[in-house]
Amino acid sequence: MKNVYTAKTVLPGQEVTAKPGLPIFDEGMNLLIKILTKLGLLTKDLDYHVVRASMVIIYFFFGYQKWFPYEAETLVPFIKNGPLISWMYPVLGLQGSSWFLGASEWLFGALLLLGFWNKKLGILGAAGSCVTFVMTITIMPFMPDAWNAAAGGFPAMQGNEAFLMKDLVLFAASLYLLKQDIERVAVKADSERPFSNRVSCN
């Protein structure tokens, strides 16, 4: 049987540019993707549950610290220089401020944990978590000795400033959970409405 070659018609402006490939890299990536897929990385809502669980764990450990004097002393430069939290020392005192933060962190962690089963409680936990990290992120511009002079200053962060930088990621995780829980509650509420009401609203 003869091999028949049919030339593709290419319209002006649609010329195909050949891109040199790296077969070894492509094969390696395809193998990696297959392995990760078989390991369950594409399981539905895996990332959502992992982020929630990690936030619960973080709140448990960070909240636990706050009940002890050593952590109350460690928090001094953070609370003292925080524009949204400096009020706590005059109102609650040194240890009282630490206890207040610990109770708040355990509350938000518990709400996030309950969010595995009740998305409305998850919304409260994620919203509280967002507020928490907004309050800590706003400390960053006011933290003394934040940039290492020997390394040229900004952006060579050091000490407490470097510790606060992690809160950017924790804020993003909290915002992600808040969005996901709101979407799930909204979809559930929409599905529970009578069909006639849904049609009229649309």
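I began with the second largest pocket: H6 and H7 each supply at least two residues of its lining. I am working on a predicted model.

Which helix gives the most to this lining? H7 does, with five residues. I listed the lining of the second largest pocket: Trp117, Asn118, Lys119, Lys120, Arg184, Val185, Lys188, Ala189 and Glu192. By class I noted five charged, three nonpolar and one polar residue. The space in this pocket comes to about 170 Å³.

Next I looked up the largest pocket. Its space is about 550 Å³. I found 30 residues in its lining, and Lys66, Leu101, Glu105, Thr132 and Thr136 lie nearest the centre. Which helices each supply at least two residues here? I noted H2 (46–65), H3 (69–74), H4 (76–80), H5 (88–114), H6 (119–137) and H7 (159–192). The lining of the largest pocket divides into 19 nonpolar, six polar and five charged residues.

Then I turned to H2 and H5. Their axes come within 8 Å and cross at roughly 160°. That angle is over 145 degrees, so I logged H2 and H5 as roughly antiparallel. Left-handed or right-handed? The crossing of H2 and H5 is left-handed.

I wrote down who makes the contact. From H2 come Arg52, Met55, Val56, Tyr59, Phe60, Phe62, Gly63 and Tyr64. From H5 come Gly102, Glu105, Trp106, Phe108, Gly109, Leu112 and Leu113. I sorted the residues of this contact by class: ten are nonpolar, three polar and two charged.

Notes. Residues numbered from 1 in each chain as written. Predicted model: local features only at pLDDT ≥ 70, side-chain atom pairs only at ≥ 80, totals over all residues. Heavy atoms only, no water. 1 Å grid on protein atoms, 1.4 Å probe; cavity = no way out; pocket = protein on both sides within 12 Å on 5 of 7 lines; lining within 4 Å. Points joined across faces, edges and corners; volume = space filled by probe spheres on them. Helix = DSSP H or I, 4+ residues; strand = E, 2+ residues; numbered from the N terminus. Nonpolar A, V, L, I, M, F, W, Y, C, P; charged D, E, K, R; others polar. Axes fitted to C-alpha atoms, helices over the stretch in contact; angles between N-to-C directions. Parallel < 35°, antiparallel > 145°, perpendicular 65-115°, else oblique. Left-handed = near helix turned anticlockwise from the far one by under 90°. Contact = heavy atoms within 4.5 Å.
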